[in-house]
Amino acid sequence: MTVTSPASAKPGRPRDTGADERILRAVVDELSDHGVAGFRINNVATRAKVAKRTLYSRWTERDDLILAGLNTLALDLVPPRTGGFVSDLEALYDDIADALDSPRWLIAARCSFELPDHPELYARFQRDCIDKPLAVVEDVLRDAQLRGELRASIDRSVAAETFTGSIAGFSSHIARLRGVSAYGVRAQFLDMFLHGLRADGPRD
């Protein structure tokens with residue numbers, strides 16, 4: 001779980017070491033109940049049982065606080081580095097599907113629809129919560145290209161978007177209403193994705 005670092009504490013009373021965790025939980029709860037537009041710092045302070053000055057000593061701007069909360073909901077992916085394209089993709093698929101299966105992800109998904117109305121915050125959300133996970137998938141694809149397992153002509157950016165976007169689609173509320181899940185289509189999707197990307201000739 002990625003957490004945006006709060007500002008350095010000022011000299012004075014000992015820092016409440018548990019406050020950061022309580023505040024971030026309160027931010028997520030506030031976003032869940034009211035979204036970005038209805039987000040109120042006063043409510044966060046009340047939920048976290050801290051003074052507003054405690055919030056501002058850690059996150060000086062409202063957007064910083066919102067982004068810190070959203071970062072706790074982001075996909076925290078790392079390249080599997082198993083040594084093979086198939087096993088790397090299988091590991092990534094499971095990591096993404098598990099993350100998107102969490103009810104917490106629904107909060108981030110809801111907020112993502114509001115964020116375009118807040119351009120500066122959306123740009124930072126895009127960088128921290130979307131671009132970083134996609135970069136991990138692109139790293140796996142690049143490694144596969146270097147090993148000769150993936151066609152050199154493949155656009156890694158498009159492939160990474162397709163991979164993660166498809167899993168997100170299978171994990172959506174609408175998909176679930178249709179009886180579809182990321183776990184249920186795992187084998188079929190990976191088979192289709194791999195056969196569309198793998199280099200010619202047999203490979204393990």
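Modeller: A quick definition before we start: helices are DSSP runs of H or I with at least four residues, strands are runs of E with at least two, and both are numbered from the N terminus. Please keep in mind that this is a predicted model.

Colleague: Thanks! How many helices and strands does the chain have?

Modeller: Read along the sequence, the pattern is α-α-α-α-α-α-α-α-α-α. The count for the chain is therefore, under the DSSP run definition, 10 helices and 0 strands.

Colleague: What share of the residues in the chain is buried?

Modeller: A residue is buried when its relative accessible area is under 20%. The chain has 204 residues, and the buried part of them comes to 39%.

Colleague: And among contacts between residues at least 6 apart in sequence, what share joins residues at least 24 apart?

Modeller: A contact here asks for heavy atoms within 4.5 Å. Of the contacts between residues at least 6 apart in sequence, the share joining residues at least 24 apart is 70%.

Colleague: Let's turn to the rings. Which class does the pair of Tyr-93 and Phe-189 fall into: stacked, edge-to-face or tilted?

Modeller: The structure holds 6 aromatic pairs. In the one formed by Tyr-93 and Phe-189, the ring centres lie 5.9 Å apart and the planes make an angle of 40°. Stacking needs planes under 30 degrees apart and edge-to-face needs over 60, so this pair is tilted.

Colleague: How many residues apart in the chain are those two partners?

Modeller: Tyr-93 belongs to helix 5 (residues 85-100), while Phe-189 belongs to helix 10 (residues 186-197). The pair links distant parts of the chain, with a separation of 96 residues.

Colleague: Are Tyr-93 and Phe-189 buried or exposed?

Modeller: Tyr-93 has a relative accessibility of 1%, and Phe-189 has 5%. The cut-off for burial is under 20%, so Tyr-93 is buried, and Phe-189 too counts as buried.

Colleague: Which residues do ring pairs link into a cluster?

Modeller: Rings pair if their centres lie within 6.5 Å. Pairs of this kind link up into a cluster made of Tyr-93, Phe-163, Phe-170, Phe-189 and Phe-193.

Colleague: What is the handedness of the crossing of helix 1 and helix 6?

Modeller: Helix 1 and helix 6 (residues 103-114) have axes 9 Å apart and pack at about 60°, which means that they are oblique to each other. Val-28, Leu-31, Ser-32, Asp-33 and His-34 of helix 1 meet Arg-104, Ile-107, Arg-110 and Cys-111 of helix 6. The handedness of this crossing is left-handed.

Colleague: Is Ser-171 buried or exposed?

Modeller: Ser-171 sits in the loop between helix 8 (156-170) and helix 9 (173-177). Leaving out residues up to four places away in sequence, Ser-171 touches Leu-100, Arg-176 and Ala-182. Its relative accessibility is 8%, so Ser-171 is buried.

Colleague: How far apart in space are Ser-102 and Leu-73, C-alpha to C-alpha?

Modeller: Ser-102 lies in the loop between helix 5 and helix 6 and is partly exposed at 24% relative accessibility. Ser-102 and Leu-73 are 29 residues apart in sequence, and their C-alpha to C-alpha distance is 9.4 Å.

Colleague: One on the backbone: what is the phi of Lys-49?

Modeller: Most residues other than glycine have a negative phi. Lys-49 lies in the loop between helix 2 and helix 3 (52-58) and is exposed, with a relative accessible area of 72%. Although Lys-49 is not a glycine, its phi is positive, at about 60°.

Colleague: And what is the phi of Arg-81?

Modeller: Arg-81 is in the loop between helix 4 (62-71) and helix 5. With a relative accessible area of 49%, Arg-81 is partly exposed. Arg-81 is a residue other than glycine with a positive phi, near 55°.

Note on methods. Residues are numbered from 1 along each chain as its sequence is written. This is a predicted model: local features need pLDDT of at least 70, side-chain atom pairs count only at pLDDT 80 or more; totals for chains, interfaces and linings use all residues. Side-chain values use heavy atoms; hydrogens and water are left out. Buried means under 20% relative accessible area, exposed over 50%, partly exposed in between (1.4 Å probe, protein chains only). Axes are lines fitted to C-alpha atoms, for helices over the stretch in contact, and angles run from 0 to 180 degrees between N-to-C directions. Angles under 35 degrees count as roughly parallel, over 145 as roughly antiparallel, 65 to 115 as roughly perpendicular and the rest as oblique. A crossing is left-handed if the near helix is turned anticlockwise from the far one by less than a right angle, and right-handed if clockwise.
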